[in-house]
Amino acid sequence: MKLAFQIAKRFLTSAKRQTIVIILGIAIGVSVQVFIGSLISGLQASLIDSTIGSRSQITITADANIANYDSLITDIESSTDNITVVTPTFTIAGSGVNGSLSENVVFRGFDFTTANGIYKFDELLSEGNLPTNTNDIALGVGLKDSLNLSIGDTVTFSSPVYGDTTLNIVGFFDAKVLAINDAWVITPLTTIQGIVGEGNVVSSIEMQLKEIFNDVTTKDEILSAIGSTYNVTTWTEENQELLSGLNGQSISSLMIQIFVIVSVVLGISSVLAISVLQKSRQLGILKAMGIQDKDASKIFLLEGFILGIFGAILGILFGLGLSYMFTKFALNPDGTPVIALQIDAGFIALSGGIALVASTLAALSPAIKSSKLSVIEVIRNG
Amino acid sequence: MADILTLQNINKTYGEKTKNPNQVLFDLNLSIEEHSFNSIIGQSGSGKSTLLNIIGTLDKPTSGNLLLKGKNITSFNKNELADIRNQQIGFIFQFHYLLPEFTALENVLMPYKISKQPLTKEIEDRANELLDLVGLGNFKKSLANNLSGGQQQRVAIARALINNPSLVLADEPTGNLDSDTTEKVYELLRQINQKFKTTFIIITHDRHIAEKTDRIIEIKDGRIYMDITK
Ligand SMILES: Nc1ncnc2c1ncn2[C@@H]1O[C@H](COP(=O)(O)OP(=O)(O)O)[C@@H](O)[C@H]1O
Ligand SMILES: [Mg+2]
């Protein structure tokens, strides 16, 4: 091993230019892999974030409104460690009426201290404040226009079931989602509880998760803790299309990786195959001096391995550099990166590892060729 | 004195399984004495190199036996033969055949490294001494590529001796050296033969050189035509 390593090293260092070219070849392959991988997982992360990042990921409802929701929340929190935030909500539907103007609205009561963990209303406020008192409300900016409202005005919530309630406008928010801006009216829980008149109840409990893809397991954990009188739905159950979109991206990412690996393997094995030809004289000498065939093969395997190591390390550095430049130079008008890349150490290590294995495997056929090389041919042909 | 090498009924046919097989060696019988200094002469194409390559286990005879120190090694496998080449035989070729990527000293040490023994002070001293002996004390660290033809051949001689082989095979070792250098190289080989008692078999087309050896074996058309011991 030591001898084969010394010879491999010397062969590589004495053909510096060729060695550098191969290493660069591997490095470019690895860097493309690292970059594309980070890009695609960044894309996926931002897609997931924009789709479900500001939404309930597991929602608990019951056939009737939920009365004992504080103790229920305690039970939920102790049933799993995959929850980042839990919040009670109370939602009713009706119309918002301002004089002759009327719009269908979703009237949602929140406990803002926890609800902001999901919806980030505090960050979405475009005007005024979040409502803190009963019968104070904030509306989506779409409603502000369609009902022609401003802060300090009152508006009537009207429902065939609950009658009319006059509400004070303290703020407007822009959720950057049309369906919310045009329909949501938010208020403290007590407002809705007052209108519904069933006491201290809520209609659902919403939460977000640490590991969003473990939602079904978490759902089962919660169900076994709180009993099956409750309905529990998760985001994946409601977003099959998003999931298949993500899968499609993962598969295309995998395809890219496979093509990169194939080209790295082909590149290295063809260069090493040429190198075996170039070194056949040396191999003949070594064999005449009694080197064992397996040691002769090891020389080329080790060449592949050494090239792979340096190529992988350099490639990872290139890939990280490329990713860094991408986040620095491909910017939105507001200065945030177009896509926030996701640098995953595990994935990078995997890319490097694959390149290393691929390089060593690429050296396999040259190695076999070298072990079969006959001394006599070399000696005869000078 | 005992025989270091015995060839029994050696035949060699190239392209045995092709349409026109070419028999190069015919029922060759030959014994070489230990510590002797031998030459093989003969016209080009007479089969000298073929014979030497078979002796050196680089090639296999089509039939016949090869005995080294009384042991029949004809049916040894590739690894066993590689060991024999490494431990018992030193080669000196016409085209020098050093490893161009390595220095003179590294080339000399290569057969020892191939034997996978740990590198010791003793063996390094030996390599240095051998290089001194062949007159290359000042070129130990030079890359083989940067040495002249004569210098390379002398490195090859030192390399052939590093593992203290009992037999050194040389195929026209001075074939492309000038006559002065040729003379020096043969004197060196003779000197080594006397100093280390190494057996030499040297192919040469130079009768003048052959006459300085203890025994001249002439090959003609794949047969021993003449065999003179002084
Ligand atoms: N590998 C080979 N394949 C076919 N013919 C060969 C081979 N090696 C040698 N020969 C033939 O064998 C004959 C003897 O060659 P060789 O032993 O090299 O002679 P010498 O060394 O005496 O010049 C020549 O005719 C040569 O062409
Ligand atoms: Mg010849």
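D227(B) forms a salt bridge with R215(B), the closest N and O atoms being 2.8 Å apart, where a salt bridge is a side-chain nitrogen of Lys or Arg within 4 Å of a carboxyl oxygen of Asp or Glu. This pair links distant parts of the chain, with D227(B) in strand 10 (residues 223-229) of chain B and R215(B) in strand 9 (residues 215-220) of chain B, 12 residues apart; helices (H or I, at least four residues) and strands (E, at least two) are DSSP runs, numbered from the N terminus. D227(B) is partly exposed, at a relative accessible area of 36%, whereas R215(B) counts as buried at 13%, given that buried means under 20% relative accessible area, exposed over 50%, and partly exposed in between (1.4 Å probe, protein chains only).

The model is a predicted one, in which local features need pLDDT of at least 70 and side-chain atom pairs count only at pLDDT 80 or more, while totals for chains, interfaces and linings use all residues. Residues are numbered from 1 along each chain as its sequence is written, chains are lettered from A and ligands numbered from 1 in the order in which they are written, and side-chain values use heavy atoms, with hydrogens and water left out.

Over all chains, the structure holds 17 salt bridges. Another of them in chain B joins D125(B) to K121(B), with the closest N and O atoms 3.1 Å apart. Because D125(B) and K121(B) are 4 residues apart in helix 4 (residues 121-133) of chain B, about one helical turn separates them. D125(B) is partly exposed, with a relative accessible area of 31%, and K121(B) counts as exposed at 58%.

In chain A, D293(A) forms a salt bridge with K287(A), the closest N and O atoms being 3.4 Å apart. D293(A) is buried, with a relative accessible area of 17%, and K287(A) also counts as buried, at 3%.

Across the interface of chain A and chain B the rule finds 4 salt bridges, together with 12 residue pairs in polar contact, both residues being at pLDDT 80 or more. A polar contact is a pair of N or O atoms within 3.5 Å; within protein, one must be able to donate a hydrogen and the other to accept it, and residues adjacent in sequence count only if both atoms are side-chain atoms. On the side of chain A that touches chain B, the elements giving two or more residues are helix 1 (2-14), helix 12 (280-288), helix 13 (293-329) and helix 16 (375-381) of chain A. In contact (heavy atoms within 4.5 Å) are 26 residues of chain A and 27 residues of chain B.

Ligand 1 lies between chains A and B. The residues that surround ligand 1 include R380(A), Y14(B), G47(B) and T50(B), a residue being near a molecule or strand if one of its heavy atoms lies within 4 Å of it. A polar side-chain atom of Y14(B) lies 3.3 Å from a nitrogen atom of ligand 1. An oxygen atom of ligand 1 is 3.1 Å from a polar backbone atom of G47(B), and an oxygen atom of ligand 1 is 2.5 Å from an N or O atom in the side chain of T50(B).
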